[in-house]
Structure formats: C-alpha cells, structure tokens
Amino acid sequence: MSFSFETKNELCRLPIQKLCCARAEAYGILLYCNTFNGREVRIITENPNFSERLPRLFHRAFSLSFDRQPDPGQPGKLIFQMTERSKLSRIINLLGYDPGQNLVLHINFGLLEEECCRASFLRGVFFAGGSITDPLKRYHLELATSHLQVSRELEVLLRDVGFMPKDIMRNGSFVTYFKQSEHIEDFLTMIGAPVAAMNVMSAKVEKDLRNSVNRRLNCDNANLDKAVEASQEQLESIRKLIRAGLMEQLPDKLQQTAALRLENPELTLSELAEEFDPPITKSCLNHRLRKIMDLAGDVE
C-alpha cells in the first residue's frame with residue numbers, strides 16, 4: 001500500500017459535517033477530477049474508502065446522487081458519473097458559475113473565505129489530483145489538474161495560507177508541488193492527515209540520524225586511516241635508525257618510546273601513551289615520536 005493511499009485512507013475517516021465544508025471539499029474534487037464540464041462529471045478512483053465517501057459527500061454538498069456509481073465491493077477502477085442536466089446545472093449554480101454560459105473553470109474564492117472551507121477544499125484537491133511520495137525515499141507532494149487557470153489560482157491560494165509551492169507542466173497536466181518536508185507536513189496537517197504528517201516527520205528524523213551516523217563513521221574511518229598511516233611512518237623511522245645502528249645512541253626516553261611503538265603498532269597515540277610506566281601525555285608522546293622521525297630523516 002502506497003503512502004498516498006494510506007494518507008487518503010486517513011482523510012476518508014474524517015466526518016462529513018458542515019455544509020460549507022462539504023461543498024468546498026466536493027468543489028476541490030470536481031476541479032481536480034477526471035472530467036467536470038457542463039455535460040458530465042466523471043470521477044475515477046481505485047480507493048474503496050474514497051469510493052464510499054464520495055456519494056455521502058455529494059449528497060451533503062449538493063443534495064444529489066450520482067447517475068452511475070460502482071457496485072459495493074467492486075475491484076479495480078471505480079467510476080462515478082453524473083450526466084443529468086438538471087443535476088449538473090445545480091452543481092454549477094451552487095459553485096457560483098453561470099449555468100447558461102460555457103463553463104470556464106476557475107476557483108471561486110468566495111466559497112473559501114473561512115479557514116475550515118479552505119482546508120476542506122485542499123483536501124478535495126488532494127483526494128482527486130494529489131499524490132505523495134514515501135518520505136523515506138524523498139519529499140514530494142503534488143497536485144495535478146488539466147486546467148491551467150485552476151492551477152494558477154490554486155498556487156495563489158496556497159501562498160495566501162503560507163505555502164511556497166512550485167509548478168510544472170507534465171504530460172498535459174499542470175502540477176503544483178512541494179519538495180520541502182516542512183511544507184508537506186503543514187499541508188497534511190491542514191487538510192486533516194496528522195498521522196501522515198507525523199510519518200513524514202519521523203522519516204526525516206530517521207534519515208537525519210542515518211546521515212549523521214554515516215558522517216560519523218566516515219569521519220572515524222578517515223581518522224583511523226590517518227592514524228594507521230602515521231603509525232607506519234613512525235615504524236619505518238624506527239627501523240631506519242635500527243638499521244643504521246643509531247638506536248643505542250638515542251636518549252633512554254626515545255629508546256623506550258621506539259621499543260613500545262614496535263611492540264604495539266596498532267595502538268593510537270592515546271592508547272600508546274598509557275603503556276608507559278608511569279603513563280605520559282599524548283602531547284609528550286607525539287613530541288618524542290616526531291623527534292625520532294626527524295632524526296631518521298637525517299640518516300642517508
């Protein structure tokens with residue numbers, strides 16, 4: 001089950017109550033559904049929960065029933081259709097359009113003055129034209145319609161309520177989308193899907209934690225590589241002094257340091273410093289090893 005499917009299932013559990021909000025939600029569905037004109041309304045879905053919600057929503061919003069709707073339990077694509085002229089005229093009139101003129105779709109902002117109605121309208125838009133990618137993969141929520149003017153006005157509406165969407169045209173559809181996780185979380189919360197919003201937040205925390213761990217591991221590996229390289233350089237310098245017969249001429253502290261490094265080539269400086277009796281500081285040990293390497297550098 002996709003993340004979009006689960007999100008729409010969550011939205012379907014919301015009750016249908018106020019008439020203004022039911023009408024706003026149905027309005028969003030109509031502007032973003034498969035067909036809405038003066039001759040036909042056609043809504044196609046594969047979500048059985050949305051299929052159950054639609055007839056109740058349209059009855060509450062317009063006191064109308066669909067002329068054609070799927071049988072209960074029918075699998076696959078579920079088609080809702082309305083072609084009766086009187087029903088279409090009623091919907092067109094209630095949404096603020098003129099039934100006597102050619103229907104040019106745009107958003108009637110007069111129906112969306114209340115905050116609850118704007119949220120319901122956007123929920124309808126998401127039901128009919130929305131999709132969201134699994135946030136564990138990437139952050140992407142989009143709303144697609146075939147109507148350019150509707151797409152432009154939706155962007156204005158989203159900006160009015162604090163979002164910063166982007167738009168693109170794809171395969172004949174006009175797509176409004178978000179890629180910022182914070183905007184996706186806020187949008188889902190606004191339209192009534194707080195569980196989906198929390199899942200986006202959780203996915204972000206999980207990805208941030210995974211990235212942090214990976215950065216830490218990469219940093220630790222880089223530090224380990226440097227420590228191994230430094231240890232090899234120290235060992236080579238010690239062996240060079242031994243081959244030149246110069247080790248016995250070094251001060252006792254340097255001879256002791258060289259002996260401990262030869263015995264413990266895998267230890268870090270901090271660990272090697274603890275092997276001395278009494279232990280010495282890491283800074284002191286580093287100074288001794290540098291002295292050994294400088295002396296080895298003078299050997300031809």
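Where does N171 lie, and between which strands?

Reply: This is a predicted model. N171 lies in the loop between β6 and β7. Strand β6 covers 166-170, and β7 covers 173-178. The backbone at N171 deserves attention. Its phi is near 50 degrees. That is a positive value, and N171 is not a glycine. Now the surface. N171 has 78% relative accessibility. Exposed means over 50%, so N171 counts as exposed.

S63 also has a positive phi. Its value is near 55 degrees, again in a residue other than glycine. S63 sits in the loop between α3 and β3. Helix α3 covers 48-62, and strand β3 covers 78-82.

Another loop brings a backbone feature of another kind. The peptide bond from D277 to P278 is cis. Its omega is near 0 degrees. P278 is placed in the loop between α10 and α11. E275 is found in the loop between α10 and α11 too. Here α10 covers 269-273 and α11 covers 282-297.

E275 has 43% relative accessibility.

To return to the part you asked about: N171 pairs a positive phi with an exposed place in the loop between β6 and β7.

Technical notes: Residues are numbered from 1 along each chain as its sequence is written. This is a predicted model: local features need pLDDT of at least 70, side-chain atom pairs count only at pLDDT 80 or more; totals for chains, interfaces and linings use all residues. Side-chain values use heavy atoms; hydrogens and water are left out. Helices (H or I, at least four residues) and strands (E, at least two) are DSSP runs, numbered from the N terminus. Buried means under 20% relative accessible area, exposed over 50%, partly exposed in between (1.4 Å probe, protein chains only).
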